[in-house]
Amino acid sequence: GKYFLSIIFNRILKPKSKAGIDDWLKETYLDWFWNIHTSSQKLWNHLCYLDDDAIDTIGNKIADKTFEIVNDDQYLWDTSNYFTYINNRKSDLLAKGKSKQGRHDKNLISHGVLVSKESRIPVWHTQYKYKHDSKILNEKINEISQFLKRYRKKDFTLVMDKGNNSKDNIKLLSKYSFIGSLRAEQTRKLFKIPLKEYECEYKNRKENCVSVHDAGIHKLYESEYRIIISYEEASYKKQKKTFEKSLEETLKKYEGIKDKKYDKNMTAMNALKKILPRKRLKAFNKNVLKKDKKWIVELSKNESEIKTYKQSFGKTAVFTNKKGDAIEIIKSYRSLNIVEDQFKALHNSFMIPITPTYEWTDQKIKAHVFLCFIALVLVRVLEFEARAMQINKTYSRLLEETGNIRMGLVLDGKKAEYCFEQMTVEQQELMNLFGLHEFAKF
C-alpha cells in the first residue's frame, strides 16, 4: 500500500518518473513517517498486483467511501485520451484515433470519467480501446447505471455533450433522465428566434448574463424531447472574433495560390484543402476549374452561410427528457466544465499528469491510469472538504499552503521532540480542518 501511495502522492505533489520517486520521498515528511526505500524496479513489480480484479475491488471500496459524502442525483460524463510513444502491436488497449492533443500519429490511452455535479468529485472511471464517444457510451451506459444503482442512485440524471449523441444512445438514455446538447445544424430554425423572445436570464460564475428560451417539445432521434436555448453575449463576441479571424486568414492564404496553375486536378484540390479551416467549411464557395489545360482554384465567401453561422454564435441548444426550471437545466448542462477540469488536471504536467506513460503492457497501463484516478479523487475530496469549511481554494493553492507547513526536530539536552514551525493564519486553518497536528506525534 505504501508503494502505491508513494506513486499517488508523487503524482499529486511533484510528478516524477518511477526512478525519481525515491529521491522525492527523501525530501518529504513520508521519509520520516514510513522509512521505506523505493526504486523504479520495486514500483514496477508492485504494479503487477493491480490486475483487473484488484482494480475493481479497490475502486469499489474507494467509491464506498466517496458516496459517504456524495449525495447527488446528477452525474457528468465525458471522455478524453492521452497520446503515448508506446508502440505495442499486441496491445488490446492502445489504438490510434482522433487525439485530443493533436497527435493522431501516436497510440492513444482512452479514458472515461463520471463526476458528481454538486461535489465535483469523480466517482467512477473506465479505460477502453479508442472508439468514438457515442460508441463507448453505448457500451458503458449499463455499467454506469448498475454502478449508481449500487449506491441507491436509481433516479439519476446523466449530463453529456453532443459527441455522445446517436439514435441508439438516446433510446437507451430515455430509460433514465438525461441532459445533452445538439449540433447547430439540428436547431438552425430555433437559433433564428429573436433574443427579445427569450423568457428569462441569470448570471453565471463570471457574472456574464445568460438568456434562456424554452423552445418546447420537438421530435429528435425518433422521439420527442424538450429543447432549451441559451445565449451569452460574451460567448457571442468571442466566437464571432474567432470566426472572422479564421475567414481573414483563409482568404489571405488563398491570395498565395489563386494565380497558381496545377498540372493535376488532385494537386489543386490538395492545395485548396490545406488552406481551408477545419471547421465551418460552408462559409466558403470553393471550386477547382480547368483552364488552358491546367487546373486552378477558386475561393470566395458564402455570405448566406456566414449569416447562418453568426445566428448560432453564443447559443447552445440543450435537449432533455426532464421537466423543471429551464435555467436549472441550462446550468446543469454548463456544469460539464467540471468534468473538463478533471481532464485538464490529468493532461497538465504540473497537476496530475497521466503522461508520459512508460508502462508497456496493458495491465501496467491500466494500473498506472487507475493510480492517477485515485490521485484525482483525493484532490477533489480535499477541495470538497475545504469548501464545506468556507475555504474556496483550488487544490493547487491548498497544496501550496500546506506544502509550506514545516516540521523540525527540536533538541533540548537529551530530549528531542518534533514540532511545527510558525504558521500563517491560513495554514493554521488547514491544520485544524484536516487534523494534521496528530502527525507530529509519531
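User: What's the volume of the second largest pocket?
Analyst: About 2,000 Å³, and that is for a predicted model, in which local features need pLDDT of at least 70, side-chain atom pairs count only at pLDDT 80 or more, and totals for chains, interfaces and linings use all residues. The second largest pocket is lined by 43 residues, and the closest to its centre are Phe9, Leu13, Leu399, Thr402 and Leu436.

User: Which elements give two or more residues to its lining?
Analyst: They're helix H1 (2-13), helix H3 (29-33), helix H5 (52-66), helix H14 (362-388), helix H15 (395-403) and helix H16 (425-433). Residues are numbered from 1 along each chain as its sequence is written, and side-chain values use heavy atoms, with hydrogens and water left out.

User: Okay, but what counts as a pocket?
Analyst: On a 1 Å grid over the protein atoms alone, a pocket is an open set of points where a 1.4 Å probe fits, with protein on both sides within 12 Å along at least five of seven lines; lining residues have an atom within 4 Å of a point. Points are joined across faces, edges and corners, and the volume is the space filled by probe spheres set on them.

User: And how does that lining split by class?
Analyst: The lining of the second largest pocket has 31 nonpolar, six polar and six charged residues. Nonpolar here means Ala, Val, Leu, Ile, Met, Phe, Trp, Tyr, Cys and Pro; charged means Asp, Glu, Lys and Arg; the others, Gly among them, are polar.

User: Let's zoom out. How many helices and strands are in the protein?
Analyst: There are 16 helices and 13 strands, taken as DSSP runs numbered from the N terminus (helices are H or I with at least four residues, strands E with at least two). The C-alpha trace spans about 100 × 55 × 45 Å along its principal axes.

User: In what order do the nine strands of the open sheet go?
Analyst: The order is S3-S2-S1-S4-S5-S11-S8-S7-S6, with mixed pairing. Strand S3 (122-128) and strand S6 (200-203) stand at the edges with a single partner strand each, so one side of each has no neighbour in the sheet. Two strands pair if DSSP finds at least two bridges between them.

User: How do S1 and S2 pair?
Analyst: Strand S1 (residues 74-84) and strand S2 (residues 107-116) are antiparallel, over 10 bridges. For one of the bridges, take Ser80, whose partner in S2 is His111.

User: What about S6 and S7?
Analyst: Those two run antiparallel as well, joined by four bridges. They form a hairpin with five residues between them, and Glu207 in the turn has a positive phi of about 65°. The bridge partner of Glu201 is Ser211 in S7.

User: Is Ser211 buried or exposed?
Analyst: Ser211 counts as buried because its relative accessible area is 15%; buried means under 20%, exposed over 50%, and partly exposed in between (1.4 Å probe, protein chains only). Not counting residues up to four places away in sequence, Ser211 touches Tyr198, Cys200, Glu201, Ile229, Ser230 and Tyr231, where contact means heavy atoms within 4.5 Å. For the whole protein, 45% of the 442 residues count as buried.

User: How many residues sit between S7 and S8 in their hairpin?
Analyst: Two, and Tyr221 in the turn has a positive phi of about 50°. S7 and S8 run antiparallel, joined by 10 bridges, and His218 stands opposite Tyr225 in S8. Glu222 lies in the loop between these strands, and its phi is near 65°, a positive value in a residue other than glycine. At 60% relative accessibility, Glu222 counts as exposed.

User: Where's Lys293, then?
Analyst: Lys293 is in the loop between strand S9 (284-291) and strand S10 (294-301). It has a positive phi of about 65° although it's not a glycine, and it is exposed, with a relative accessible area of 75%.

User: New topic: where does Lys14 lie?
Analyst: In the loop between H1 and helix H2 (21-25). Lys14 counts as partly exposed, at 39% relative accessibility. Leaving aside neighbours within four places in sequence, Lys14 is in contact with Trp24 and Glu27.

User: What's the C-alpha separation of Lys14 and Leu409?
Analyst: It's 24 Å, and the two residues are 395 residues apart along the chain.
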